[in-house]
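Subject: Structure handover

Hello,

Here is the structure you asked about. Please open it next to this email; the notes on what was found follow below.

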Amino acid sequence: METLESELTCPICLELFEDPLLLPCAHSLCFNCAHRILVSHCSTTKPLESISAFQCPTCRYVITLNHRGLEGLKRNVTLQNIIDRFQKASLSGPNSPTESRRLQPQRPYTATISGTIAGTIGGGGGTGGGSARSSPATSSHSHPHANHTNHINHNNANHSPAIVVKMEPRISCQFCEQDPPREAVKTCVTCEVSYCDRCLRATHPNKKPFTSHRLVEPVPDTHLRGLTCLEHENEKVNMYCLVDDQLICSLCKLVGRHREHQVSSLTDRFDKLKQTLENNLTNLVKRNSELENQMAKLIQICQQVEVNTAMHEAKLVEECDELVEIIRQRKQVIAVKIKESKVMKLRKLAQQIANCRQCLERSSALITQAEQSLKENDHARFLQSARSVAERVAMATASSQVLLPDVNLNEAFDNFALDFSREKKILEGLDYLTAPNPPSIRDELCTASHDTITVHWTSEDEFSVTSYELQYTIYTGQTTFISLYNSADSWMIVPNIKQNHYTVHGLQSGTRYIFFVKAINQAGSRNSEPARLKTNSQPFKLDPKTAHKKLRLSNDCLTMEKDESSLKKSHTPERFGGTGSYGAAGNVFIDSGCHYWEVLLGASTWYAIGVAYKSAAKNEWNGKNSSSWVFSRCNNNFMVRHDGKEMLVEASLQLRRLGVLLDYDNNSLSFHDAMNSQHIHTFEISFLLPVVPTFMIWNKSVMILSGLPVPDFVDGVASDLQELQQQQMGLCRQESPYLTGMKTCH
């Protein structure tokens, strides 16, 4: 009953539809309510006639109006007929109009009421009291829990009015507008409506969304209410089929098509469905509250957009007015210059005109006097008077150049040529400033030394960039770039750079760095892609104070040679000494970074090259103690040695250039065939103290090359080893044990 009334109720005024309009979204709305919606959109600047659209209050669909406004929408005649029948059935009942509305059947316009109220029946049976939805179309049996919504009898909870209905055997169509309606041919269980053949085709086509509806032979309206079984007419529904999701009777479970299905009691299903509905309703209320909050925020944002728009429009007008004022002022300044030039030109021309006029007057007087003299026929008189005239005429003729203008003036203003093409182009491109495109670091142009890196970059928006900002930090390889980027404390910043390059000083030697450049202007900034750059190795030479007395060093201290005759050196604790310890150390102690140097071996076939702590013994071979690590050659055998343990390694007998990579930060020392780009061996060392490069030879000579950048093939090996070490959690590595039983070199 209440469901039907809610379907016939306008969502705006909450009353039965009055003169309903059929909206394009298939919902309906009272004409007066639709008019009120349009009136609510009116304002002083927006009259009612200018409103061309509004939203459906049910589904928020935008309804577009034509020039006729609401009159252009169709009337829902069918809905109006249903409401008229509903009201007519309500007025024909025995109760008051208000109470009658509560007692109206779920489909009041679908049944012919021919029965009368028989009286009241006690409601305290096993199936519950009288139904709150009792109507002329319902039987005395009802849902077990229907008394929870009983609105009929509040004075006596144990008794409720029961209505006896006598249905006609003929089932009528519920959509026909003619009187009497045609006979129904099908009933839709989903819609709970019976249709004649014509109305079925017109209002219930066999396509979406009606394809899932269940059509059966015409059944009375009482069956559709679920109080009696659809298959067993005289049986009440008393259980719920969970498989088909419908009410059934006991016979359906015992002998009907539901006998194999899982069922539950009406009470259990009622409780579960009610609990589900309450939970969903709670969630829906919460969602509506969230939507209201969100809508309030959106409205606030809309208001802020209006404020910001007005502010920027005012700023735009102000800026443009300033430009117009600047143009106006410049126009006045240039116009004044033109007028001043005009006055100057006219003044000089007037002076020359006056001079010309004066000369012309003198010449005219002279011409008149000469003509008078020519009229004299007396020779003596002519000679007496014409001599001075002839001289003056001769002088005037000779000085005729004086009559030419002495200032070269013309009517043109060549020095006032105007060319505003550049300014016009700038004004045509007048727009809001945007953040510049990210610059790009040019790795191929960047250079490095052992303590400096010069970074070069390019920018597509060079003219719109106010300044650049360079940021850099040490990259150890043990952390990702994202974690480094998020760690603001680890970055060094160089602000306000005006050119496209910058040299960073005071860097650690042999160290990798991450750089990126930020292009900045008033609209914002954008970062370049990060670039990994590294400083060169620490340059060093051989320290003469450490060289064995039987070694001779070159003047540049880069070459050492075995010399048995050199015995003049005094022995010091820093010097290699003892029989066979023909060695020398570099003049640098390394305690950080990644360093690479090479040793040119020449023809030497007996040597040991590596690193050692300062405390390593100087009177024995390097590698014989725990403080030194070396790669050595003994004639045709190559081996690595540490703490007195030796291990043979493979290397070419043609090895002429040995590369040494010391990665102090990552605890590794590796040796490479620099000419063939081959890796020979790597020590994994947990360095505890600074180390110094060491060199020993027993024949010929070797030469060192230091301060070199790490070659790509060496860096790749180091990176692979570093990744492997990270996978093996080698943060606390111990000194590696070496295989025993290897051949010892004597």
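Two strands count as paired if DSSP finds at least two bridges between them. Helices (H or I, at least four residues) and strands (E, at least two) are DSSP runs, numbered from the N terminus. This is a predicted model, in which local features need pLDDT of at least 70 and side-chain atom pairs count only at pLDDT 80 or more, while totals for chains, interfaces and linings use all residues. Residues are numbered from 1 along each chain as its sequence is written, and side-chain values use heavy atoms, with hydrogens and water left out.

Strand 20
Strand 20 (residues 512-521) pairs antiparallel with strand 22 (residues 531-534) over 4 bridges, and Y513 stands opposite L533 there. Another 4 bridges join strand 20 to strand 21 (residues 524-527), again antiparallel. In that pair A519 faces R526, and the two strands form a hairpin with 2 residues between them. Strand 17 (residues 467-474) is also antiparallel to strand 20, through 8 bridges, with Y472 opposite F515.

Three strands make an open antiparallel sheet in the order 2-1-5. Its edge strands are strand 2 (28-30) and strand 5 (74-75), each pairing on one side only. Strand 1 (residues 20-22) and strand 5 are joined by 2 bridges, and L21 is opposite R75. Helix 2 (residues 31-40) lies across strands 1, 2 and 5, at about 80° to strand 2. That angle is taken between N-to-C directions on a scale from 0 to 180 degrees, using axes fitted to C-alpha atoms, for helices over the stretch in contact (heavy atoms within 4.5 Å).

Cysteines
How many disulfides does the structure hold? It holds 0, a disulfide being a pair of cysteine sulfur atoms within 2.5 Å. For C252 the nearest cysteine sulfur, that of C229, is 3.4 Å away. C252 counts as buried because its relative accessibility is 1%. C356 is in no disulfide either, and the nearest cysteine sulfur, that of C359, is 6.6 Å away. C356 is partly exposed, at 35% relative accessible area.

Residues 274-308
An unreviewed UniProt entry annotates residues 274-308 as "coiled-coil region"; such annotations may be inferred rather than shown by experiment, and positions are in the numbering used here. In the model this stretch is 100% helix and 0% strand, with its end C-alpha atoms 50 Å apart.

Regards

Key. Buried means under 20% relative accessible area, exposed over 50%, partly exposed in between (1.4 Å probe, protein chains only).
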